[in-house]
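Dear colleague,

I am passing on a structure that I would like you to look over.

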Amino acid sequence: MTSSFLDYAAEIAARAPAELEKLVAVSSPSGDVAGAEEAIAVCCELLPDGAAIERVACSTRGCADDLLALIPGGGERRVLLLGHVDTVFAHEHHIPMRANGERLYGSGTADMKGGVVLALGVARALAARPGAFAELGVLLVTDEEWRTEPFVHVERFADYDACLCFEAGERGAGGEEGVVVQRKAAATLRVRATGLAAHSGSAPDHGRNALLALASAATMVAAHHDPGGPERMSAVPTVLHAGAAFNVVPADGELLCDMRADRLEAVDAVAAAIPEEVGGATLEAEMLRRWPGMNTAEVAGPLLDRATARLGRPIIGARRGGASDASHFATAIALTVDGLGPRGGGAHTPEEFVLDRSLRQRAEVALAVAEETLR
């Protein structure tokens, strides 16, 4: 890697903690328009000078518009930098950033405001060399965590040469810098139950218990859980709502299940296993979300080899089970690489964090990969 790019990485890392603290200070749960607008305003301040800013319709109705920034250049290749500003935390559970040793704790630090800060830093570094690219795009969406609608942005960028997504990074088994080139397909299954209410004390057998029907459905879903199997299937019941009073047989309810597998088609067998009726209550299963898997290992391999040589330490392709918008773009942009953000842990929990020292390390990785995509 050239000294100038090492200098850029150092500059990104020097600015990153303060920028991350400012972005994490904004509570921006999925679907909250005011929070998204505030987060996007912070991001706009961190964009390169001269970036043309667009607000483009979000995939999810009712959400704030997504942010698209375009930087024109004089080179040949077009690269998209991708991230999201929404988190899973409701306002009442939001935790501002705090440092504790090497860890920077806070809501969304790892998933994925730390990555957003690095993506914006990489955009500034690349924008300083406009002759290296034809167009640089930065797309930050507001609905990644809870989206069930089709993703609307793929077609616009289908002729881009590369997509780089800044979800959290990782280490390989030997301590290597890891980026993500394989992800499972993801689906959300909803099962609705319709039974019959009855007094649970004086006439319990006159009712048809929707809760018991959903419990049976949850057990059926869980029976497909086989992460070590040929499809690497995870099938996890996650949310159950049923009943309105402690002394009434539940007349209706809803079950949500999260499923991941190497092939999207594999999850259909889970939905097909739900019977139409259990204990007199009817069940109706439908897929709320179907996200494609991602496997760009073969295409990304030569890029990672070149980035390894440029960086001077190994960068390997890794596999991850979590879903990402990179998977959508991988269906149209063959050279899609994810996991370029900082390393951390505890995503989607109150103990979420990024490692402070990884900010510079991962800035170097991201710049090495970005530079090699422009060759």
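This is a predicted model: local features need pLDDT of at least 70, side-chain atom pairs count only at pLDDT 80 or more; totals for chains, interfaces and linings use all residues.

Residues are numbered from 1 along each chain as its sequence is written, and side-chain values use heavy atoms, with hydrogens and water left out.

Helices (H or I, at least four residues) and strands (E, at least two) are DSSP runs, numbered from the N terminus, and two strands are said to pair if DSSP finds at least two bridges between them.

An open sheet of 4 strands, with antiparallel pairing, has the order E4-E5-E19-E18. Its edge strands, each pairing on one side only, are E4 (98–100) and E18 (344–345). Strand E4 is joined to E5 (residues 103–105) by 3 bridges in the antiparallel sense, and Arg98 has Tyr105 in E5 as its bridge partner.

Strand E9 (residues 177–183) is largely enclosed by the rest of the structure, because 7 of its 7 residues are buried (under 20% relative accessible area, 1.4 Å probe, protein chains only). Strand E9 pairs antiparallel with E8 (residues 170–171) over 2 bridges; in this hairpin, which has 5 residues between the strands, Gly175 takes a positive phi near 90°. Strand E16 (residues 315–320) runs parallel to E9 and is joined to it by 6 bridges, with Ala318 in E16 as the bridge partner of Val180. Strand E15 (residues 294–295) pairs with E9 in the antiparallel sense over 2 bridges, where Asn295 is the bridge partner of Gln182.

With best regards

Definitions and conventions: Buried means under 20% relative accessible area, exposed over 50%, partly exposed in between (1.4 Å probe, protein chains only).
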